[in-house]
Amino acid sequence: MDLPKDKRKRIQEAERQARAVLKEVRKAKSQLGGNEYASHREKMAARSAELSESGRDIGELPKVANEERKQNAEKNFRLFCESYFPATFALDWSEDHLKVIEAIEESVLRGGLFAFAMPRGSGKTSLVEAAALWSILYGHHEFITIIGADEAHARTMLDSIKTECEVSEIILEDFPEAVYPIVALEKIHQRSGGQLYKGKPTSMSWTAQEVQFPTIPNSKASGGIIRVAGITGRIRGMSAKRACDSRKVRPSLVLIDDPQTDESAGSPSQVMTREAVLKGAILGLAGPGTKIAGLCTVTVVKPDDLAD
């Protein structure tokens, strides 16, 4: 997705002026004496810093394209999927899909733990990914953990969520406060550390295991965190510090997608280990005395496996 022309022109102009400043500095260095050059260098440094800041500032956010569409989907997960993922969920919903959608909505909005068995290829991973975005974009939860059968599977889900944030035009249209700063990076994620909005850092995190959404005033997604992990990875005691307010937070929603592999399904010891993690570390993610909301979608691979 390309940046608006005016934004691209501002960046190009800032880069052009920065090169001009560098050229002036080099010229002055060859012509001026020590004290004169030092004074000139300070002025040029200040000017260069100003130009750099203007190039890093994303400017004004676009306006929401369809406020009614956005509001209607806030408490309706099915409508969110149909409105913002029309290509992903193009087929008619099955009864199993509708049950999972209802369980996700209940878990996200009112709490509770739910588990559903669904065959592979039925779209359960796409529902988990959509649920994570729905929860963050509307501020239903500020820290979400997605658990996969292994770390590679978990990272793949986060990559899919990142891609939606970077390329989905319809999500950009209705949630500019959450994703416009992401689009402005132009997939050069190293820029996130220096990105500004009205002179203040957006403080994004964009790594293989975690996304922390940009800090934008009045954005429900501001500082929202999605972190992924494999079920046998580092889960216990998971926490993070939100850049937008420096609060240390723990997950309040966990989404578990197919927590077993074909290999682990055939190993009684691995089944026991993964079941212990589910009942222990994962249910304790929210912290002592706090119940976590969550959904687990599973696929029965073999008799007596984790899903059976």
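This is a predicted model: local features need pLDDT of at least 70, side-chain atom pairs count only at pLDDT 80 or more; totals for chains, interfaces and linings use all residues.
1. A residue is called buried when its relative accessible area is under 20%, exposed when this area is over 50%, and partly exposed in between (1.4 Å probe, protein chains only). Strand E7 is mostly covered by this rule, for six of its six residues are buried. Ile225, Arg227 and Ala229 point one way from E7, while Ile226, Val228 and Gly230 point the other way.

2. Residues are numbered from 1 along each chain as its sequence is written, and side-chain values use heavy atoms, with hydrogens and water left out. Helices (H or I, at least four residues) and strands (E, at least two) are DSSP runs, numbered from the N terminus.

3. In what order do the seven strands of the open sheet lie? The order is E1-E11-E10-E2-E7-E6-E5, with mixed pairing; two strands pair if DSSP finds at least two bridges between them. Strand E1 (113-117) and strand E5 (205-206) are the edge strands, each pairing on one side only. Strands of a sheet pair through backbone hydrogen bonds, either parallel or antiparallel.

4. Strand E7 (residues 225-230) runs parallel to strand E2 (residues 143-148), and six bridges join the two. Ile144 stands opposite Ile226 in E7, and Thr145 has Arg227 as its bridge partner. Strand E6 (residues 210-212) runs antiparallel to E7 and is joined to E7 by three bridges. Here Val211 has Ile226 as its bridge partner.

5. Helix H6 lies across E2, E7, strand E10 (253-257) and strand E11 (293-298), and runs at about 165° to E10. Axes are lines fitted to C-alpha atoms, for helices over the stretch in contact, and angles run from 0 to 180 degrees between N-to-C directions.

6. How do the axes of helix H4 (residues 77-84) and helix H6 (residues 124-137) cross? They come within 10 Å and cross at roughly 105°. H4 is therefore roughly perpendicular to H6 (under 35 degrees counts as roughly parallel, over 145 as roughly antiparallel, 65 to 115 as roughly perpendicular, and the rest as oblique). Phe77, Phe80 and Cys81 in H4 meet residues of H6, among them Leu127, Ala130 and Trp134; contact means heavy atoms within 4.5 Å.

7. Rings of Phe, Tyr and Trp (its six-membered ring) pair if their centres lie within 6.5 Å; planes under 30 degrees apart count as stacked, over 60 as edge-to-face and the rest as tilted. The count by this rule is eight aromatic pairs. Phe80 and Tyr84 form a tilted pair, 5.3 Å centre to centre with 40° between the planes. Both lie in H4, four residues apart, about one turn of the helix. Phe80 is buried at a relative accessible area of 0%, and Tyr84 is buried at 2%.

8. Which kind of pair do Phe80 and Tyr138 form? Their ring centres are 6.1 Å apart and their planes stand at 70°, so the pair is edge-to-face. This pair links distant parts of the chain, since Tyr138 lies in the loop between H6 and E2, 58 residues from Phe80. Phe80, Tyr84, Phe85, Phe89, Trp93, Tyr138 and Phe175 form one aromatic cluster.
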